[in-house]
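Student: Could you walk me through this structure with some questions and answers? I am new to reading protein models.

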Amino acid sequence: MSINDKNTATKSDMLMNIKDISLSFGGLKALLNVNLQINKGEILAIIGPNGAGKSSMLNVISGIYVPQEGTVEWKGKLRKKIAPHDIARMGIARTFQNIALFRGMSALENILTGRNILMKRNLFLEMFYMGMGRRQEEEHRKKAEEIIDYLEIQAIRKTPVSRLPYGLQKRVELGRALALEPELLLLDEPMAGMNVEEKEDMCRFVLDVNEQFGTTIVLIEHDMGVVMDISDRVVVLDYGIKIAEGTPDEVRSEQKVIDAYLGVG
Amino acid sequence: MRKQINYTYFYREEFKMARDFDNLDTFPKILRDNALTFKGKPSIREKEYGVWQVITWGDFYNKALVLAKGFHSSGLKRGDKLAIIGDNRPNLYISIAAAQILGAVPVPCYQDSVADEIQYILDHAEVKIAVVENQEQVDKLLEIKDRLPILKNIFYADPRGLEQYNEKEIFSLDVLLNNEQAISLDLDEEINKTSKDDISIMLYTSGTTGRPKGVLLSYNNIISLSSVACEIENTSPDDEVVAYLPMAWVGDNIFCVAQSYIAGFCINCPESRETLTIDMREIGPTYYFAPPRVWEAMLTQLMVRMQDASQVKLWVFNFFMRIAKKWGNLILDKKRVPITARILYGLGYFFIYGPLKNNLGLTRVRMAYTAGEAMGPDTFLFYRSLGINLKVLYGQTEATVFVSLHRDGDVDPNTVGPAFPGVDIKISNGEVFYKGPGVFKGYYKNEEATKETIDKEGWVKTGDAGVIDNNGHLKIIDRAKDVGKLNSGKMFAPKYIENKLKFCGIIKEAVAFGDNKDYVTCFVNIDLEAVASWAERNNVAYSGYIDLAGQPAIYDLISKEIDKVNKDLSQDPELYDSQIKRFLILHKELDADDGELTRTNKVRRSLISDRYGELVNAFYNNKDHCFIETEVTFEDGKKGSISADLKIQDMNVYDLKDKVA
């Protein structure tokens, strides 16, 4: 997370500045002239009805999609098309709407894969488990164990993830994203399909991550209760257009939002 | 296993020389001595970050000294109280030791108590400092802090999630542990000042009736009994115990803390409650204590899993279990058995019993106890037949646990064993009384209750009804006050009936009614895991607990079990009238959070009959169903309500066996 540290000095609070972007797939306009700032240390929720462009927005933020119009600035610096491993190096991690773990691997191994980008390679030293190779192994394992402790999944450390229930798989996925020690964490529907108890647990983890590590979090979520409870700021999209932005309370009372969700009466 | 016992004897010589409990008459003194005698030996292990971290006796003592200094500088003085709230963690055990060094009294509380329950105890005990495990407990204390004027400081062991708290009275224990400040206090002198009649610990009894009472136990109480217990069992510094039962429960303080101080063995703290079985397997304790509930749950789980095994495996399992049932107990008791039985048992050990014990983490268990409730003879003998030396112990917090205990080679599943050495037992008006070195010093700030419990000659009332059998074993029937009379004039012992029901494995909890009534009726709680597995195998679809509990198929299943119990009861002329005439399956599990069970999971009879009064009336008004709405408390303290229309089923009653024959 030392990347671009010098540049942040100038624009201290803003992590990402998305200016006037439009994204379309052929004739389909997914996003239209959207402006969005992501501030350091906040929890930002993106909400909207189905097909509003939320996931597209997340993909623009993570750099998977490059918008046809407009610019994306990362820490005050213009960002161009980048390769996925460079996204990770920038300090951006994400989880997926449909869980994307290595199903045959244990929870611990899955979390360790998240540290891939932070490992330095030396085939020889790693083969013989000595010197730097060994120190690294221990250090990464320690970090992974801290995350396991943090997410309270000690009991399933060595269980293959395919055998875990859905809620725990989601937690392992969050663990893998955390293993990257990200600056910006993108969560695509982290609570989808969970029961109330699992949701409460997840909320606590999200809040704790934000508080303890100062990680900036952008999340997409359908459960309004969750969104209103945990986010600092909410952005509402509808048909690719940003229709509202503000604190949960402000957004809640916005007429356009009510119309978008309930239909115009 | 035999090898291990020899090894123990070898150690024993050394250990005897080192111990002189006339001089080492308090825990701080023993601890100081342990730091020299067992210096580099582990005293506590905790699994953290996936690795077992060891604290040696030397470290334990040093940390306790540092903490004692810290507590002293935050104002803890001789006679003050220090509360401990949390799961079994090394830092909490060290805090207890530190408080004792200062002559303060540790007061452990149940970690899953709700804020109000904790408030009552902290207020009643006049607690000055609280040492808690984590954020959850800190939140509870902050909620009630305003009502506790004496509580000065709160220390927490695990800082997670607490960085943002800026209340000025909460601190991390690490602040004390890393702060080697010089204070004008000679801790060596403080340790010398402790004497054997000082209060070692104050334990609040869970209170089957009314508010919890603070039981005061002296060093003399605990050390005199625990050293005898170590003597009987040949406990050695090489033993291992897993500390997983609540720290507020007397057993944890005796079996883990006191005995490890005395024998020098190691306490192992599991990583979390969920990892207990994994941690057990890794440690392989030699000393294991569990209430009947845990043993029963383990057996149920095992049997449920065996149902899914292939036919061949199931056959082999059943074959060798029959062998074990027939010969295992005799072999364990070192009785004479035919050589063919020994060979078969040996084979069984290789194929089934050994791997099974390994899977349960019980391979190395040398001494195993159960206490607190009655245990089904079948369950009891199951474990013994595997070669696990399971014994029953009968005790109370007020007796510093030990009242009676089974001895090796003299074990009877229906009794709780002969009196513990040094303890006298008498039965008066059907009720059990005892007297001995473990008798407590009184209830804190409750002279009246103390007088009611201990009479002038020192006999302590247990409140349990019991008899002494021909072999000198004590047999407990029920709580004395619960034993009632049916209208026919016959004795009604609800617990006895309930236990019989619970032994079948699919009934988790039962509450029987019948005092001053014409016949006996009962509520049943199904064991979700066992019944769900049965439902799956028999294609019974259900959506949740309430739905499952109300299914006719489940009613049939339960009524078959009750029928067996009735048949059994009908053979006893005393209990013939106690056959169950009507029953229903409750729509919710009885829960300690709703006050229906105590924190140690005993049924609160009067509260339940008040709460479900409508259902009890329906029993005796010949209704065949009854609607009920109940308030429930969730784990976070929120309230909700659930309702259901419960069916009441009638049962067949058998004639007295003599009449039939």
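Predicted model: local features only at pLDDT ≥ 70, side-chain atom pairs only at ≥ 80, totals over all residues.

Student: Which strands of chain B stand at the edges of the open sheet of 5 strands?

Tutor: Strands here are DSSP runs (E, at least two residues), helices are runs of H or I with at least four residues, and both are numbered from the N terminus. Two strands pair if DSSP finds at least two bridges between them. The order in this open sheet of chain B is β4-β3-β5-β6-β7, with parallel pairing. A strand with a single partner has one side left without a neighbour in the sheet, so the edges are β4 (105–109) and β7 (170–172) of chain B.

Student: What is the bridge partner of B:K81 in β5(B)?

Tutor: Strands β3 (residues 81–85) and β5 (residues 127–132) of chain B run parallel and are joined by 5 bridges. Within β5(B), the residue bridged to B:K81 is B:V127.

Student: At about what angle to β3(B) does helix α4 of chain B run?

Tutor: Axes are lines fitted to C-alpha atoms, for helices over the stretch in contact, and angles go from 0 to 180 degrees between N-to-C directions. Two residues are in contact if their C-beta atoms, placed from the backbone, lie within 7 Å. Helix α4 (residues 90–101) of chain B lies across β3, β4 and β5 of chain B, and its angle to β3(B) is about 170 degrees.

Student: How many charged residues are on the side of chain A that touches chain B?

Tutor: Here 11 residues of chain A are in contact with 10 residues of chain B. On the chain A side, α6(A) gives the most, with 4 residues. Ala, Val, Leu, Ile, Met, Phe, Trp, Tyr, Cys and Pro count as nonpolar, Asp, Glu, Lys and Arg as charged, and the others, Gly among them, as polar. By class, that side has 1 nonpolar residue and 2 polar ones, and its charged residues number 8.

Student: What distance separates the centres of domain 1 and domain 2 of chain A?

Tutor: An automatic or database domain assignment sets the bounds, giving domain 1 (1–91 + 182–265) and domain 2 (101–181) in chain A. At their boundary, 13 residues of domain 1 of chain A are in contact with 10 residues of domain 2 of chain A. Taken over C-alpha atoms, the separation of the two centres is 27 Å.

Student: Why is helix α17 of chain B largely enclosed by the rest of the structure?

Tutor: What covers its buried residues includes β20 (474–479), β22 (491–492), β23 (507–513), β24 (520–526) and α20 (552–570) of chain B. Among the buried residues of α17(B) are B:Y496, B:I497 and B:L501. Helix α17 (residues 494–502) of chain B is largely enclosed because its buried residues are 9 of the 9.

Student: Which residue in the turn of the hairpin of β23(B) and β24(B) has a positive phi?

Tutor: β23(B) is mostly covered, with 7 of its 7 residues buried. The hairpin has 6 residues between its strands, and the turn residue with a positive phi, of about 60 degrees, is B:N516.

Student: Is A:K75 buried or exposed?

Tutor: A:K75 lies in the loop between β4 (69–74) and β5 (77–78) of chain A. A:K75 is not a glycine, yet has a positive phi of about 55 degrees. With 23 other C-beta atoms within 10 Å, A:K75 is buried.

Definitions and conventions: Residues numbered from 1 in each chain as written. Chains lettered and ligands numbered in written order. Buried ≥ 20, exposed ≤ 12 C-beta atoms within 10 Å, placed from the backbone.
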